[in-house]
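Subject: Structure handover

Hello,

Here is the structure for you to look at. My notes follow below it.

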Amino acid sequence: MQNILTLKNNTLNWTEKRAVFFQALLLIAALALPSVCHMLNLPVNKILPMHWPVLLAGLVYGWRSGLLLGVAAPLISFGLSGMPEGTMLGIMVCELAVYGFAAGIFAEKFKLNYFVSVTAALICGKILFAVLSGGAGFLSAGVYAFLTQIVILPVLAYRWTKNS
């Protein structure tokens with residue numbers, strides 16, 4: 001019997017009506033979670049609330065969905081709320097695009113399990129972040145979020161795709 005650590009992924013078709021609906025919900029979550037964190041005065045740079053739905057989109061619906069949400073979420077958020085700050089907008093668009101794309105490509109094309117896919121995606125995005133930001137906050141920003149994402153997101157993706 002296979003367990004979640006060895007099970008191969010079942011990336012869902014991202015163009016089906018139901019999938020489009022759930023991807024829209026993930027986009028709404030990527031927009032709402034940072035706002036909620038700001039309102040509650042939580043450390044957004046440690047929780048990384050926009051990253052979670054983008055990574056989940058890549059894991060569940062593949063690289064196209066992850067890339068699209070990774071680009072759209074910070075741009076729409078900036079248009080609606082002015083956040084992320086203009087100086088960070090370009091970096092966040094690139095970083096989130098890489099997170100969503102990499103999570104999806106590792107899960108969908110390379111058929112890596114969800115734990116490996118999300119870990120590899122986080123490493124790729126963190127390297128890009130370090131390059132674009134000149135290394136500023138490379139190790140400190142979001143370490144706890146990364147660790148919890150590596151644990152929680154694969155379980156969510158597994159259950160989501162298993163039940164679909």
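Is Trp160 buried, partly exposed or exposed? Trp160 is partly exposed, with a relative accessible area of 21% (buried is under 20%, exposed over 50%, partly exposed in between, with a 1.4 Å probe and protein chains only).

First, the basis. This is a predicted model: local features need pLDDT of at least 70, side-chain atom pairs count only at pLDDT 80 or more, and totals for chains, interfaces and linings use all residues. Residues are numbered from 1 along each chain as its sequence is written, and side-chain values use heavy atoms, with hydrogens and water left out.

Now the rings. The structure holds six aromatic pairs (rings of Phe, Tyr and Trp, the last by its six-membered ring, with centres within 6.5 Å; planes under 30 degrees apart are stacked, over 60 edge-to-face, the rest tilted). One of them joins Tyr61 and Trp160 edge-to-face, at 5.9 Å centre to centre and 90 degrees between the planes. These two sit 99 residues apart, Tyr61 in helix H3 (residues 51-61) and Trp160 in helix H7 (residues 143-162) (helices are DSSP runs of H or I, at least four residues, numbered from the N terminus). Tyr61 is buried, at 3% relative accessibility. Ring pairs also link Phe21 and Phe22 with Tyr61 and Trp160 in a cluster.

Another pair is Tyr99 with Phe146. This pair is edge-to-face too: 6.4 Å between centres, 70 degrees between planes. Tyr99 lies in helix H5 (residues 86-109) and Phe146 in H7, 47 residues apart. Both Tyr99 and Phe146 are buried.

Best wishes
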